[in-house]
Each structure stands twice: as C-alpha cells, then as structure tokens.
Amino acid sequence: METIDSIRPLIAILASLLVIPLIMVSRKAPNLREMWTLAGAGLKFLTIVSMLPLVLAGTRIECTLVEVLPGYGLELRVDALGMLFALVSSFLWIVTSVYSIGYMRSLDEHDQTRYFSFFALSLSATVGVAFSANLLTLYLFYEMLTLSTYPLVTHHQDREARSAGRKYLFFILGTSIGMILPAMLYIALKTGTLEFASQGIVKGRISPQATTLLVLLFVFGFAKAAVMPFHAWLPAAMVAPTPVSALLHAVAVVKVGVFSIVRMITGIFGTGWLAELQLSTLVCTLAALTIVISSLIALSQDGLKRRLAFSTIGQLSYIVLGVALLSKSGMVGGMLHIGMHAFGKITLFFCAGAIFVATGVTNVSQMVGIGRRLPLTMSAFFIGALSVIGLPPCGGFISKWHLVIGTVEANQYLMLGVLLVSSLLNAAYFLPIVYRAFFCTPAESMFPGPAAEAPTWCLVPPLLTAGLSIILFIYPQPFLRLARLAIQAISGG
Amino acid sequence: MKRLGLIAIMVFGGLLFSISFELPDLGDARSPASTHVSPYYIEQAIHDTSVPNVVTAILADYRGYDTLFETAVIFSAGLACFFLLRITDRKAPKARFYRHLATGLTLRVEKGGRLPEDTKEFERIDSAWVPSDVIINMTCRLVVPFIQLFALYVIAHGHHSPGGGFQGGVIFGAAIILYAISNNLRRTLRRTSERTSALLGSGGVIIYLGTGLLCILLGAGFLNYSSLSLVPGLDPVSARSYGILIVEIGVGIAVTAVMVWIYYNLASAGKLDEGL
Amino acid sequence: MEAITTLIIAKYNYWAVILLIVIGLYAMIAKKNLVKKIIGMNIFQTAIILFYVSIGAKRGATLPIIVHAHGDAAHAIHAADYINPLPHVLMLTAIVVSVATLGVALALAMKIYFHYGTLEEDEIQKKIMDREPDKVATSGEHL
Amino acid sequence: MIWQLDLIILLMVVICGISAISIRDLLGSAIMFGAYSFMMCLLWSIMGAVDVSFTEASVGAGVSTVFFVAAVFRTTRRTRD
Amino acid sequence: MASLEGVTQHLPAIIVAVPLLAALAVTALWWFSNKLCYPLSVGAGLIALAASAGLFQQVLSYGVVEYRLGGWPPPWGIVFRVDHLNSLILVAVALVSFLNLAGSRVAAEKEFQEKVGAFYALYLLFTTGLFGILITGDAFNLYVLLEIASLTGYALIGIGSGRASLSGLNYVFMGTIGATLYLFGVGCLYVITGSLNMVDIGAILPNLWPSKVIVLAFLLCLGGLFVKMALFPLHGWLPNAYTYSPSVVSSLVAPLTTKVMIYAMVRVTLTIFTFDFAFNKISLQVPLVWLAVLAIIVGSLMALSQQRLKKMLAFIVVAEVGYMVGGFWLGNRAGMSGAVLHIINDALMTLCVFMAAGALSFRTGDDRLTSLKGMFRKMPLTMGAMVLGGLSLIGVPPTCGFFSKWYLISGGIEAGHYGFVAALIISSLVNIVLFFRCFEIAYFEPFSGSAGHQSGPMEPDDRSSTVVEAPADMLITLLTAAVLLIVLGIFSGQIVTRVIHQVIPALTG
C-alpha cells in the first residue's frame, strides 16, 4: 500500500480551529461571523474531498506532528475508515452551520459567538479523531471533543443544563480518564506501541484474560458510544439547542465514540485475535442488549428529542454490533451505518428543531396533525425515519442489509433476530408520529390553519439531508467503496 | 494528636540512642570527620591564606559562599521582621507628650497644637514612658564606647584570634541595643535611624557580594579573592587575607545593622516610638 | 565498670544531644504557649549545634589557630594537633540561622498576640472558632 | 577536655533547658534561656570550639535574650504551662 | 575583561548573585524611591531566567558544569554542580518566579503599600534561596540556602493578620524542624564520611554500608525534606499557610517550595546516598509509595471539602506532592522520569491556577468558591487560564499534566504497584469534580455584586455584567503561563528523552 506524507490532514483539522479567532473578533458583526463559520466548514470539506481520490486509490496519507512521548507521537493518517467518517462529519458541518444560523437567529439565542466558536472547535476534534494514526492522538482529540462540547451542551446555562452538563462530564470524562487512560497505558507498556495496525498490535503480547478486560474497558470507556449502562448522558444532553443535538449527538460526539470502538477492534486488538478469543459474542451481546433496551425505552418517550436520543443509543450499538460480528459484511454494514445513520438522524433532528422553531412543540403527543402545518418538514422527517428504520428507498437500508448478511455470515442467528426485532421496534416508535402527523381528522388536529413552514434556513437543511438519504440508497458507492477498502486493509493485509 | 507526637518523639529518641553506639567516640582523632577533609584546612590554611585562625580562613574563604548566604540569612531576618511588624501608617496620634529637660515637667499637646519641635529644651516621650535610672543611664553611656571598641577589635583581629565579623558585629549591635535599653529608643533612633540600619544592613552584604563579583570582573571565579592581587600588586596569598578582612568587615557592618534593626522592630512592636 | 565508664566518656555528649533534642521537640509539641514553643525550637537547634561541636572535638588537640604563624613557615603543622575546625564553621552559620529564625518567629508571635490578645494556642483556636470560623483574612488589615 | 567538668556543665545545660520550658512566667523563661545559652557556650569553649562559643555568647546569651525580653515586654508574661 | 565568553563561564554564579544583589539594591534604593523596586526586581528575574537558560544550553551541549567557588576544588571548597536535572528545574523555577514577579506589580502595591520594597527584596531573596538549593553541590550549603528560602517564605506568608500570622508561625515551627532534621542528617553523614560534598560523600558511602549511621542519616535527611515538602502526614502546615497568605505570595510559594524540596529529595537520594543504597540496600520503597498513595487520596478528599478556592488548591498541592514522591520511589525509569517531569509541569500548573485565583480574588476581594459567580462573563480570559490550569491538573492532553501522569501511571504499572495507579486515577477524577464545580459556579450562576448572596439561575440574556478583567500585567503573565502549559506538554517528549533520561538511566541502569 502506498503511503505519502502530506499536511493536508492537518489543514483539514486546523481549518475550523483557525477560524475561531476570526469568529471571536467579528462577534459584533453576525453576518461576518457566520461567513467565517461557513468558510471554515467549506475549506475543511474541500480539503477532505481533495484527499478522497487518493484514498480511493488505496493510498494512505500521513502526517507526523510531534513526538510528545518517546516512541509515541502525535500522528495523523488518512485511511478509508477515517475518510468515511471525516467525509460525513465535515459535510454535515456545512449543513448544520446553515441550519444553526437559521435556528439561533430565529430563536434569538444568547452568546452566539461562543456557540459558533466551540462548534468549530468540536469539529476540529472530530476530524482529528477520524484522522488519528494512533491511540494517543485519538485520545487527545477525544478529550478535546468532550471539553469543547461541554459549553454547547450547557448552552442555556440554566439549572437543567447544569445537571445535564454534570452528567455529561461525569460519564464521558470520568470514563475516559478512569478506563481508557489506564487501558491505553497498559497496552503501551506491554506492546511498546499504540499505532493502529491492520492486524492489531495486541496479539501475542497480552494475555487473553487481559485482552478481555481491555475490550470491556474500551467498549464502556468510550462512553460517547453510549453502550448501556453508560448511556445516561445522551438523553440528558438533549437540553442543548437542537443544532447541537443534531450535529454532536447524532453525528460528531456519538459517532466519535463508536468510531473509536471500531478503531480499537480493528486497529488495536485486530479482528483475527478477537475471533480467536471469541470475544465477538461478548461485545455483540452488550450491543444487542443496548439495542433492544433502548428501543423499548424510546417507545415510551414523549419528548421528541428524547425519543430520538434513545433511538440514537440503539443505532449506535448497531455499528458496534456490526463491527463486533467480525464478518466481512457485518463490518461493512457497521461502517456504512456511520454514514447512513448520520444522514438519517440529522434529518430527524433538523426536523425536530424546525418544528420547535415553527410551532414551539417539543412533545410527540402534541404533534397530531402537524403535517398539515409543516408538510415539507414532516415529509423530510418521514424520509429520515425510514432511513433510520432501514427501509428502502433510503440509505439506511443498505447498511442494515449488510448487517443482516453479516449476522448470517457469522452464524449469529440470535443477533439476526435482534436486528429484525429492533427494526420493528424502530418502526413502532417512528411511524406513528408520521402517521398521526398526517392522517387525522380535522377535529383531532392540533394545528388548524394553512401550511406555515419554519424559516428557510431551517427548512432547507433537513430537505437536503433527506434528499441525500435517498440518493445514498441509489448511489452508495463512495461510502461503500470506502468501507470495502477499510475491510480489505484489515483482512487483506 | 499531641500524644501521638510525644510517642513519636520518644521513639525517635530511642532510635537515636540506639544508633549513638555506632557513632565514633567523642574526641577520637581517627574518626573520618577528623581525617578526610579537615586536615587539609589545618595544614594548608596558613599557606593558602596566611590566616592563622583556621576557622576564619574556612569561614570566609574555603566556605566563603556559605558565609555570604549566612549574612544574607541575617539580612533576610531583619527584612522579615521589618516586613512583618513595622507599622507605616503615619496617622497623627491624639496627643503627644513632651518633657521639659530642665525641669522634668511633662507637657501634653493636643492634636493641632503647636509642637515645640525645634526647641532644644523639650524631648518627645510616649505615654508608656518609664523614667530611666540615672545610674544605669550614665554607666551604660560610659560602657558603650568601650564595648564598641572591643567589637571593632574582634572584627579586625579575627585573623589571629577567635572572633570575626559575626561576633564583632553582634557585639557592636549589642552595644547600640544596650544604649537603646538604658536610654530610650527615640534617642537611639536619632543617632542610628531605621533607614541607616537598613542601608548599612544591605550595604554590608553588598560589600561581601561585591567583593565576590569583583573577583569575577578581575577574571577569576566568584569569591576567589586571589584575583584581587591584580590590583595593588599583592601576591595571591595575601590578597586572600585581605579579601577575608574585607568580607569580615562587610559581615560586621551587616550584622550590626540588622541586629539593631530587628531590635527596633521587636522592642517597639513596629511603631518605633519608645522601645523598652 | 571500667568499660561502662569508657562508654560513658565516649558517648555522653551524644546522649546529651539526644536529651536536648527530645526536650526541644517536647516543648514544641506539648507546650501551648507560643513563646515556649519558640524556646523549644531554639533548644532543638542548639542540640544539633552541640552534636556538630562534639564531632569536631579531638582529644589532646588544641584550638584551631595555628601557632608560630609568621616567620616560621618551615614549622610542620600536624592535623592531629588541632581541633577539627570545619564543624565550628558550619555551626557559626547554624547559630546565625537560629537567631534569624528566632527573630522572625518572635515577630510572628507578636503579631498573633496583637490580633488575638493571647499567646496560648488553645485560646487562640477558641477565638478563631468564636469569631467567624471562615472569615476571610483580607490583606488590608495589617497591624 | 575534662569530662567530669563537661558532665557538670552538661547537667547545668539540661537543667536550664528544662526550667526554661517549664517556668510559668515568660520573662523567667527568657532569662533561663539566656542562662541555657551561656552554659552551652561554656561547654563549647571547653570543647575547644572557641569561635562557636564566642558567637553563642554574643548571639545566644546576648542578643537572643534581649529579643525574647523585648517580645515578652511587648506582649505578656502570662503563660499557662 | 568580562567578555561574552567570560560571562557564560560564570553563569552559575550569576544565577544566585544577581537576584541577591538586586534584593540588596531594592532594600537600599527603596528608602529613596518606591518606583525603582519593580523594574529592578523584574530585571533581576529576567537576568536570572536568561542565565539559567544559558546554563541549560551549556549543560545540554557540554554535559555537567562544575563551578568552584573561591577557586577551591571539591571536597575542600563549595562547588556548584549543574547537570541535566537541576539545570532543567532551574529554568522552570526561574521562569515561574519571573512570570509571577512580572505580574505582581498592581497586586503587590495594593497589598503591601509602603512596604512594597521589602516585599520585592524578600521575593528576590526567596528566589535566590531556591536557585541556590538547586545549583549547589554541597550538602551543608543546601541547608543554608534552604533557610534563606524558608525565612523569607515565613515572612511572606505571615504578613497578613490573624490566621495568616498563626499559620506563618506554624510554618516556622514545622519548617525549622524539617531543616534542622536535615542538618542533623548532614551531621551524621559528616561523622562517618568526613565530607560535605555530595559527590564525594556518594563516593565514600558505598564502602561503609554496614553502618547503621547511614540509615539514620538517610532517614533524617528524608524526614526533614518530607516536612518541608509537606508529604502526608507532615502536611499540616501547608494548607493554611497557602490559604491565608496574599495571593502574590501564594502564587510564588505554592508552585516552588514543594517542588524544589522534591528536587532536593531526588538529589539527596541519588547523588549522596546513590540509587543502589536507596532502592536495594534498604527497603523503604514500598512504604514510601504507600505513603504517597495516602497523600494523594487524603489531599484529594480534603480538597473536596473546601469552600475556599485557595485552600482547595493548597490541598491539591498536597496531593501533587504525593504524585512526585510516589513516582520517584517506584524506582523505575518511567516513574522517576514522571516525577522529575512533574516537578516542572506541576510548578507551571500550580502557578497558573494560583495566579488565576489571585487575579480573581484581586477583583472580587474574596476567595470563597461562591465568589466565582459569573466570572466567565466578567473575567473570561482569567477563567480561560484557570480552565487550562485545571485541565492540566486533571491531566487532559495536550496540557503538560497529562504527560507527567502518563509516565507516573506507566511507572506504576511497570512496578506492578496498582495502588499507586488507582490513586492517580482517583485523584484525576476528584480533580474533575473539583474544577468543574468551580467552573459550574462561574459559568452557570450569575454575577452578584456581593458574594454569598444567593440568587436564581442566570437569565439567558443577562448582559448587565460587563467584562472587568484583571490588570494587564497580571493578565498577560497569567495567559503566558497558561499557554506554556500546552507548549510544555507538546515538548515533554523532547524534555524527557533529551534531558531527564540523561540523569535517570545513569543511576538506575
């Protein structure tokens, strides 16, 4: 495999970091400020896209920054898996920025400068995680993301935000210091490296018992992945403004968590070694439990965003499950789901925000007949829901298809059952919303009067992402090829 | 907690006692302490520095760096006492007391009253003033110059006999303190003001340090007095001897001034009025 | 008996040092009066000085001041004839340090007295408790 | 060094030390501390440490005692132990 | 006469002589003018910083630098012995004291008014003492310089009234016991070796191993230094001393005293007693690490129960001492490197948080946690620095605190001492709680003019409180310190491989 040195990954990370001073300086001029945000987002996306052909051609792009510890440096590397994640998150940042502008302005939120600054900062961290070449770098950006999203989660600075923020920190910072750090140090000490390697670095150097413990430490320790019982922060964090929930809790933060777990499984432990130790079942079971329980909880939630949050918890575990199956299709499905779920879920969140902006409604039970008032929004919501459930003609179908095949490949028929049941549950908690929004008698409808959509800035993004969800069903090639490449790198060697 | 401390002390004492048997015998001329480093001083000091008093030679030359900081310690103590105790607000008191020297009458001047500062017949006293005894007063006045002379002798003769800057300085300071005790602080302050003592204190250390720095300027190491021979045409050995004398004088000045300074602050609780 | 006497002669200074250390530390821990504590501190310090002086002692030797200094340079100097001067030098420093510490300690004790009106540690603690237990000592209120 | 004399003075040192910390009057303590220092300096001069004993005589027995007296004079003589 | 070459040759002397000279000059000049004190002191601090940097450079290129005072060779004269270990810490100490000094002008004038000259003089003397401790190669000389640093420290800490003086006096007692025990230990060493030069003693001692006196000397020296560095359970003097002293003082004393004492412990153990003796001949290693574990746990837990910012930070200092002592006594390369690295990292971190606390209490006049309300709005930059300092103390990359923790934990794992590892992680977690509790108060609760006044959550659009930052000099130095935390973190790999490993492998093999 060809490897080239380039600072392009660094540029991709710094693009959003460097606009922060500009954003802060132009805090008095909102238009200029938002322009900087968009410029940063655009630059970042373009830089990442510019690397796409190289990656698709099988080239790895590396960039060594500095050796902070003897033998362990801050190193960046762009490979297929990282590319997939970076592509998704950087593209969705553009969309979310547009959406944020509309959302924040129409609600006249306070401290918008701070909001946009930390937003940019967290995006830097996300892309940093995607491009990390070793565990140390990944950990650094992971922590950076935790801290930079704290002010976003607690943006409202009220009592509720305070307790949510506390929970957020307790779960995420606590686990990363209490579990990831010792696990990482243990690995570093026993193996002498933290580099992600295609066959893992652990095999033969750490005893099976210790490996089992380490796997558990990583699966739970990356609490951003919200594997139960370390999921409680996610519903709590829904107090944040909707764009934050959308980007960070459907895309950046949680996906960073699962991405990290995927990296651990593929790059640190190595699929071969895990298969040898038969740890696949253990992780799969954890994921499956999370999927089922969270779906059941989601059914009972009335708050729209909370329902979405529990749905996210379940969907995240799909990814973990897929990768932990260790079968080819399962892993492809898991990786694809990073992208597919992102588009679907962000659509749903955008819609939730648009509904709130337009009508002030936050609960599912108040949404009867809302389709009349917000036809476009609810249509987008419907598409997003389909994608998340995994029904054609949406991108979610592709990833779920691969997941299902993966379970069969791995002979994990129990997991197959879990997937099917949970899909039913997904449908059970999403489709009634859509159904009641559109199909109700005028008497039941809580929203008389003609259609009055949310402001354009809030409306266009969900439509766009909904459209993209459909396009991804028809043309999943970029993601699919990246995922296949990633698998090839792991299995082919 | 206190009991725990006492037990700890007892254990500590017992430990020391048990180990005391391992220590070399008292006065043993063959103990390592007497055979490793110190013979060099005894045998070479006179050749290296032409100072017969080995203690002075080591103090000011071989381990002159220690002594520099020893002086600095004293200086820090003076500064610290000043820093801690001195009260600098210049609020005028409600009333001031003056004594007519000829008659011994006490005058009370209310705030705003005209103060007979410039007249020679009045002396300011404090309300807590205690009349001093004439005999003590006169005796001390007679003794103080002799003590001071002796102090100077101790400083100057440190090369040849016990003594040196510290001892002489302390004695000189004690003479001033004696004067302050037997008379009163205000009168002493008129002769040796606080500023004088502070300036002399730092000046003394500067003499020491300056000598050391001068040695650098003259091309040798810090505190290497032998380089002083470049200036007046001395040989290195007597240059060391003179260097030692200079720093001893510096030490003497510093110690004198600082002792007095500390006394001023302690005795008047930082107010610098009457003293003891 | 002879052996014991020899032992005593050989070690009595060390034992005195230990005794003084214990006395000093006892005063610092058990006494409640601050000035007593300061005295204890000084006794502790002088005990160590005594220890050093004992190290320097040399039986059958004279003061470390070289005799026949001038004009008689050929006269050989035997180290065994003179008491070890090095501990003396060190202890000059230690004495000066102890007086410096004493000055600062007394200054602090006086400040404490002016603020609390007592030198007894337990009474001071009581007063701290009586006054606002967590009162902020702002810096403006120097004595 | 005459060890008998040494021992006697050591005894005096210890007595002065103990009384300095046990007298229930701070002024008395201060004076006893001066006596302690003076005994100490005698001891040292017997042991041949003339420079040290000279310093102790002027610093320990002299100036230190004055400092103590000054401090006691400015504060209080009262002590409960 | 004094060419540039000549100057570089005398750098070790300059490091101690210049601050001392400046202290004396400040004392003298201040009777004539108050204005000269600050520039003179800052100038001296800058020269010392430059000299220590130059010395560091020299050591890096030529190895150990030895400087004979008075021209006398060791063991008869006193020598400065500068190797990689102390030249590195010298730079850190010079930097910390310079930064704090440069940022102290407004606060010091407000705090000490007419006595400001004495403050600067004592400040410089204190730094001189620390430099002297770091640079000297003589066991007794270390004591003298220790006393300089301590005496000035007592005065600086005891300057406030009431409890400040009381804690100052308490510090005098404990500090004197510590220093005197150390002196006693040096005396024991002198009895059996006859030497005072560290390297010389280190060369003689291995021949005398059966002697119990060495063990006694070792215990005394270590015990004395433990008191001075406030290792649990001898830490009693520290929290109050740092809490009630003026902020300018606590941000000087807190970062430096304990760290320099830990350096002294490292120096005494490795150079005088040698690694072989300390780790192989006597079995103190395990109890000392457990003591450190206790120190970490107790320090962290006590910090949790504090209502005052500075007292909380002071207990964190107690815990940090445990980090370094424990790391050092793990006895392996990673642990020792971590301990040494943590000396410089912790100096800067503590400086940063204490300076931030000083800047906050300078504006609010209070250091209770409740007075932090609304501070993210009122003093955003100061709080930003505080956040960085806090993150570093928690150990979040890329701040320097993470990297020293990395070494310490890997040292613990390597030594199989999981208690120490657990203690480090627990203390990190406690630090999260500690700092985010502060940040929550500062972030969520609105500023209320008088501290202690309870009020509801902040209105979303409360813009009534405007930005009132700390004085510019304070702010600039504070931000410099904060940025240095990250810079130091990024370069910590270099520091460890190029500097610290130069010292550690030679001794541990």
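Here is a walk through this structure, one chain or pair of chains at a time.

What you're looking at is a predicted model, in which local features need pLDDT of at least 70, side-chain atom pairs count only at pLDDT 80 or more, and totals for chains, interfaces and linings use all residues. Residues are numbered from 1 along each chain as its sequence is written, while chains are lettered from A and ligands numbered from 1 in the order in which they are written.

Let's start with chain E. It has 22 helices and 2 strands, where helices (H or I, at least four residues) and strands (E, at least two) are DSSP runs numbered from the N terminus. Its radius of gyration (taken over C-alpha atoms) is 22 Å, close to the 23 Å from the globule rule (2.2 Å times the number of residues to the power 0.38) for 509 residues, so chain E is as compact as a globular protein of that length. Along the principal axes, its C-alpha atoms fill a box of roughly 75 × 60 × 40 Å. Buried residues make up 71% of the 509 in chain E; buried here means that 20 or more other C-beta atoms, placed from the backbone, lie within 10 Å of a residue's own.

Now, who touches whom? Two residues are in contact if their C-beta atoms, placed from the backbone, lie within 7 Å. Of the 6 pairs of chains in contact, B and E share the most contacts. In that pair, 50 residues of chain B meet 51 residues of chain E. On chain B's side, the biggest share, 14 residues, comes from α5(B). By class, that side has 29 nonpolar, 14 polar and 7 charged residues. (Ala, Val, Leu, Ile, Met, Phe, Trp, Tyr, Cys and Pro count as nonpolar, Asp, Glu, Lys and Arg as charged, and the others, Gly among them, as polar.) Chain A, meanwhile, has no contact with chain B, and their closest C-alpha atoms lie 35 Å apart. Chains A and D don't touch either, with their nearest C-alpha atoms 52 Å apart.

Finally, zoom in on chain A. Strand β2(A), residues 60–69, runs antiparallel to β3(A) and is joined to it by 6 bridges; strands pair if DSSP finds at least two bridges between them. Leu69(A) stands opposite Tyr72(A) in β3(A). The hairpin has 2 residues between its strands, and Gly71(A) takes a positive phi near 90° there. Strand β3(A), residues 72–78, is mostly covered, with 5 of its 7 residues buried.

Methods: A residue is buried if 20 or more other C-beta atoms lie within 10 Å of its own, exposed if 12 or fewer, and partly exposed in between; C-beta atoms are placed from the backbone.
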